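These are my notebook entries on a single model, written in the order in which I looked things up. Each entry takes up one part of the fold.

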Amino acid sequence: TGRPPDTYGVSREWLLKHHVPFDRLVMVDKYGRNHAPEAGVPTLTVDEVCAREFAFAVEDSLHMAACLLAKTALPVALLSRPWNKEWQSLRGDSRLTRYENWAEMAAIVE
């Protein structure tokens, strides 16, 4: 997730509360803000994310979705949000799928 490391606990709680399956939760400094590190919280740069092997990416940022599509072979799920309505520039990539909500995405992924 592209949230600051100090939100690790609440982010993990949200995933558990909403029954979103995950193997691990990794924080990503996707905007280069260099947040203060948190003990025991895995935090990666965008380049470190792109160098790792993940099976699937879920994103709500057009910037990060475009970066993942350009730098990796990952399939990317784009969650529909008001700030990413103008996503047409990414439509041509078959690895990108847009979902209206988590439930819609979960039905496809399961």
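This is a predicted model: local features need pLDDT of at least 70, side-chain atom pairs count only at pLDDT 80 or more; totals for chains, interfaces and linings use all residues.

Entry 1, the strand β4. Which residues point one way from β4, and which the other way? I found Val 76 and Leu 78 on one side and Ala 77 and Leu 79 on the other, and all are buried. I take buried as under 20% relative accessible area, exposed as over 50%, and partly exposed as in between, with a 1.4 Å probe and protein chains only. In a regular strand the side chains alternate between the two faces of the sheet. Strands (E, at least two residues) and helices (H or I, at least four) are DSSP runs, numbered from the N terminus.

Residues are numbered from 1 along each chain as its sequence is written, and side-chain values use heavy atoms, with hydrogens and water left out.

Entry 3, the sheet. I looked up the strand order and recorded an open sheet of three strands, β3-β4-β5, with parallel pairing. Its edge strands, each pairing on one side only, are β3 (57-59) and β5 (96-99). Neighbouring strands are turned by 25° against each other on average, direction ignored. Strands pair here if DSSP finds at least two bridges between them. Between β3 and β4 (residues 76-79), which run parallel, I noted three bridges. Val 58 stands opposite Ala 77 in β4, and Glu 59 stands opposite Leu 78. Helix α3 packs on this sheet, touches β3, β4 and β5, and has a direction that makes about 170° with that of β4. For such angles, axes are lines fitted to C-alpha atoms, for helices over the stretch in contact, and the range is 0 to 180 degrees between N-to-C directions.

I next asked which residues of α3 are buried. They are Met 64, Ala 65, Cys 67, Leu 68 and Leu 69. The elements that cover them include β1 (27-29), α2, β3, β4 and β5. At the start of α3, a side-chain oxygen of Ser 61 reaches to within 3.3 Å of the backbone nitrogen of His 63.

Thr 72 is found in the loop between α3 and β4 and is buried, with a relative accessible area of 15%. A polar atom of its side chain lies 2.6 Å from the backbone oxygen of Leu 68. Neighbours within four places in sequence aside, Thr 72 is in contact (heavy atoms within 4.5 Å) with Cys 50 and Arg 95.

A nonpolar core is a set of buried Ala, Val, Leu, Ile, Met, Phe, Trp, Tyr and Cys residues joined through side-chain atoms within 4.5 Å. The largest has 18 residues, of which Val 46, Met 64, Leu 68, Val 76 and Leu 96 touch the most other members. α2, α3 and β4 each supply at least two residues of this core, and the largest share, five residues, comes from α3. Not counting residues up to four places away in sequence, Leu 96 touches Leu 69, Val 76, Leu 78, Trp 87 and Leu 90. I also recorded a second, separate core of five residues, among them Leu 15, Val 20, Met 27 and Val 41.

In one, the closest N and O atoms of Asp 47 and Lys 71 are 3.3 Å apart. Asp 47 lies in helix α2 (residues 46-51) and Lys 71 in helix α3 (residues 62-71), so the pair ties together parts that are 24 residues apart in sequence. Asp 47 is exposed at 52% relative accessibility, whereas Lys 71 is partly exposed at 47%. Arg 95 forms a salt bridge with Asp 93, with the closest N and O atoms 2.8 Å apart. Arg 95 is partly exposed at 23%, as is Asp 93 at 21%.

I located Trp 14 in helix α1 (residues 8-17), where it is partly exposed at 36%. Apart from residues up to four places away in sequence, Trp 14 touches Val 20 and Trp 102.

Definitions and conventions:
A salt bridge is a side-chain nitrogen of Lys or Arg within 4 Å of a carboxyl oxygen of Asp or Glu. A polar contact is a pair of N or O atoms within 3.5 Å; within protein, one must be able to donate a hydrogen and the other to accept it, and residues adjacent in sequence count only if both atoms are side-chain atoms.
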